[in-house]
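Hi everyone, thanks for making time today. Let me put a structure on the screen, and then we'll walk through a few of its details together.

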Amino acid sequence: APLVTAFGALIVFGCVLRFWKLTAVGLWYDELWTVVGASHRPFMEMYREWILGEAHPPGYFLFYFVWLKIVPPTEFWARIPNAIAGVLTVAYLLFGTGRVLSRDERIMAGLVASLSYIYIFYALSVKQYSAMILFATIATISYLEMVSARRVERRPAFALTATGLAL
């Protein structure tokens, strides 16, 4: 139990790192491109100039188009969805993978994901990578659930389809 508690503390620390410096660094040019392109623009202008002209997934811009209508277009509010996606990835590894991973495997996967430099870096940016990691993780585990069951079950098939579309 003390070892699990220590791992739990490290996982919580890794998750806190995703929120620590959300506004410490100004928006980079590509982050600013997302914020400017998704805020204070009519939908059709954003569609023509940002979605069609950008190589990133269009759903990400659509999300930010709506998100930045609800919240102010500041560094904090632009970055918080990605920090939340990073924490959700860790939570999913810990609590959503019980059908294919043992307790120890879930703890180690959560630990690695929570403290991984690149996962933290992506969670602190206004780019789609943190959400993509979350969706790819859910898709992979859903696929593993179907493979281990040797049949297609409704819940993992739905999760795989939904995350495939999100990706």
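Let's start with a question: does Arg 103 count as buried, partly exposed or exposed? Arg 103 counts as partly exposed, at 48% relative accessibility. Before going on, please keep in mind that this is a predicted model.

Arg 103 has a charged partner, Asp 104: the two form a salt bridge, with their closest N and O atoms 3.1 Å apart. Asp 104 is partly exposed as well, at 45% relative accessibility.

Arg 103 also takes part in a helix contact. Among the residues of α6 that meet α1 are Arg 103, Ile 107, Met 108 and Leu 111, and on the α1 side you'll find Val 4, Phe 7, Leu 10 and Ile 11, among others. By class, this contact has 11 nonpolar, three polar and two charged residues. The axes of α1 (residues 2-20) and α6 (residues 103-115) come within 8 Å and cross at roughly 30 degrees. Angles under 35 degrees count as roughly parallel, so that is how α1 and α6 are described. The crossing is left-handed.

Now back to charges. How many salt bridges does the structure hold? It holds seven. One of them joins Glu 145 and Arg 155, at 2.9 Å from N to O. That pair links distant parts of the chain, with Glu 145 in helix α8 and Arg 155 in helix α9. Glu 145 is buried, at 4% relative accessible area, while Arg 155 is partly exposed at 48%. Through shared partners, salt bridges join Arg 99, Glu 145, Arg 151, Glu 153 and Arg 155 into one network.

Note on methods
Residues numbered from 1 in each chain as written. Predicted model: local features only at pLDDT ≥ 70, side-chain atom pairs only at ≥ 80, totals over all residues. Heavy atoms only, no water. Axes fitted to C-alpha atoms, helices over the stretch in contact; angles between N-to-C directions. Helix = DSSP H or I, 4+ residues; strand = E, 2+ residues; numbered from the N terminus. Parallel < 35°, antiparallel > 145°, perpendicular 65-115°, else oblique. Left-handed = near helix turned anticlockwise from the far one by under 90°. Contact = heavy atoms within 4.5 Å. Nonpolar A, V, L, I, M, F, W, Y, C, P; charged D, E, K, R; others polar. Salt bridge = Lys/Arg side-chain N within 4 Å of Asp/Glu carboxyl O. Buried < 20%, exposed > 50% of the residue type's maximum accessible area, 1.4 Å probe, protein only.
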